Amino acid sequence: MDHSSDEEIDASGSDSEMDEYENEAYEELKDGKLRVKISNETFACPFCPQKKRQAYLYKDLLQHASGVGKSRSQKRSTKEKANHLALVKYLEKDLTAAGRTSKPVGETDPHSDCSHVEKMDVSQSEMDNCEDKSYEELKNGNHQVKISDETFTCPYCPTKKRKRDYVYQDLLQHANGVGKSLSEKRTAKEKADHLALVKYLEKDLAAAGSSSKPAGKTENLSSCSQNDKFVWPWTGIAVNLPTRRAEDGRFVGESGSKFRDELKSRGFNPTRVHPLWNFRGHSGTAVVEFNKDWPGLHNAISFEKAYEADQQGKKEWFASSGEKSGIYCWVARADDYNSNNIIGEHLRKIGDVRTISDLIEEEARKQDKLVFNLTNVIETKNRYLKEMELRCSETSASLNKLVQEKEKLLHAYNEEIRKIQTGARDHFQKILNDHEKIKLQLESHKKELEMRGSELEKREAKNESDRRTLSEEIEKNAVRNSSLELAALEQQKADEDVLKLAEDQKRQKEELHNRIIRLEKQLDAKQALELEIERLRGALNVMKHMEDDGDVEVLRKMDAIIKNLREKEGELNDLEALNQTLIVRERKSNDELQDARKELINGLKEISSRAHIGVKRMGELDSKPFLEAMKRKYNNEEAEDRASEICSLWEEYLKDPDWHPFKVVMVDGKHQEIIDEEDEKLSRLRDEMGDEACMSVTTSLIQVNEYNPSGRYIISELWNYKEGKKATLGEGVSFLLSRWKALKRKREG
């Protein structure tokens, strides 16, 4: 046997090995040794690793098992593919009831109730009458279907849902789909109208759709119906192939390549002949594969007709149960595809059942799409070509204009250069003459300088070594002195800044205290003066009432009171002006103190210390409780990532002004805001992360609500960690002075 025959036997041997594995796995699945069904709707693949295993729906598991079983990847072992093919067989045979829930919409159920069937039977006659009536209206031209030679429209769809235009095949497919629809949303009249449209398109407008048919199809399809269901890719079946029993007890037969060459010599042109093997060896059957195109179908039909003419076709094979001789062949159809034997199993692995009309429509759609795309490409290219031609003409005109301008400029430039060169030549000659004169003078001066230089070199040679030594010592001393001076200046500047800051703070504090005392005294004086003014006004009113008595003494007292009242009012105005001036100064001092506090906070930020005075970020979320909660669920590395994600999420919640988990309660007769413990987010956080994480979030909420309720962002504050409260400016300055004195003692020591 030749080398190709050896390869066929090896491949067939691997097929038999797969069949054995497949049967063994199928028996284990039937016996319940492997679990597939998890619940009524979910299933699992028992042959996938535990790490990759997941829950599937029935259709998804069937698709997964079929994909692995039919995979051609070398990474999949023979046993793994066989196991998944056994799972496909088990799902289709033993678990088909579980997959009924995933049945496509519109698929008929053989066990549907009788009322629905009766309803369909009753409405059938009405649909036929309505279909005939609509067909007559279409023939009489009552409805417009054809818009142009290539575009059509559906007259029975609403205007809002109607497409602008259809290709012939698309409209035919649309009318067929609506007319044969089983959806209850479609009325009987609507289905009948679309069936009439199908009839009208096929009978009266068939010539309009002929342009979309591929050339050369009719001659290949003359001997078979377009609705016949074939196995695609086109496949033939050969049975009763001669076999013999080998020494090991298994059956062997001729190679597929020999039978293929025989068929090629007869003009059928198959691409491959694949013998089918099982656990007993060669099964005596083979699958003949043809090309996927229309000539391939023509060869397959010719192949079938030739064996039918020899009385060795499908009909003769199944005609009687007597002994048969010779090879019987036919083209694989739907009944062969669905058969429960080795041929049916192999056909289901390699192909699918398709009708010729389906393939014609698919090819027509592809051709129409290709023509449409090519038309768009040509139109785009033509537009681009016109644009390029326009640009080219514009560019050519501009280039001609530029060339003419360039020639004019070049001529003017050459004339100018000629004049400049003539003038430059004369000027250069004059300079050359002057240069010769100066050169002679310089040579004489040079000789004199050389003589003087030799004398100076002799005098300077004696002091050269002393000068070098002295300059080196001066440089060293200068470097040392500059370093010491810089250090001293920096130290003195730092000392002066700290003392100045402390003195300024102390002086401003004293001034503020004195101003407060003066303001209090002035306020008391102002109040006393206002009382005196009111008293005088009252007395004045009394005097006015007594004015009618004509008493001279009363008039005199009234004048004195009026005069005194005006003086008091002037003093009151002066006090108010002084008070306003002091208030402005107080605000200015307060602003300076706030600026000093900010500078102190910024300075303490850079100092890494565990002292009792420092800077605290108010409203910052503590991530430690979140990390501890995550460590209880995950390992250290994953816990850190999870805790970081959750902290970032809660920081965004804290910044959200729309989230306000506070409620107002009465405390000692006063309204006070407290945390709402029943808030949905806080309750969920407490249940998922624990009390410590919830306490961290509530603490940050209280701080944000106290120090920055409007902005909802973190701010820095001077904090006394020892007493757990906000530190005063004096405490911060005292802490800074103590640190400065300690550093000074270290430097001096």
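So, the crossing of α14 and α15: α14 passes α15 right-handed, meaning that the near helix is turned clockwise from the far one by less than a right angle. Before I go on, this is a predicted model, where local features need pLDDT of at least 70, side-chain atom pairs count only at pLDDT 80 or more, and totals for chains, interfaces and linings use all residues. Numbering runs from 1 along each chain as its sequence is written, and side-chain values use heavy atoms, with hydrogens and water left out.

Helix α14 covers residues 624-631 and α15 covers 636-655, and they pack at about 135 degrees with axes 8 Å apart. That makes α14 oblique to α15; oblique is what remains once angles under 35 degrees (roughly parallel), over 145 (roughly antiparallel) and 65 to 115 (roughly perpendicular) are taken out.

Who touches whom? From α14 we have Phe-626, Leu-627, Met-630 and Lys-631, and they meet residues of α15 including Ala-643, Ile-646 and Trp-650; contact here means heavy atoms within 4.5 Å. The contact residues split into 8 nonpolar, 1 polar and 3 charged.

Now the largest nonpolar core, with 23 residues. A core is a set of buried residues (under 20% relative accessible area, 1.4 Å probe, protein chains only) joined through side-chain atoms within 4.5 Å. Trp-234, Phe-259, Leu-263, Val-288 and Phe-303 have the most contacts inside it. Which element gives the most? That's α8, with 6 residues.

Technical notes
Axes are lines fitted to C-alpha atoms, for helices over the stretch in contact, and angles run from 0 to 180 degrees between N-to-C directions. Helices (H or I, at least four residues) and strands (E, at least two) are DSSP runs, numbered from the N terminus. Ala, Val, Leu, Ile, Met, Phe, Trp, Tyr, Cys and Pro count as nonpolar, Asp, Glu, Lys and Arg as charged, and the others, Gly among them, as polar. Buried means under 20% relative accessible area, exposed over 50%, partly exposed in between (1.4 Å probe, protein chains only).
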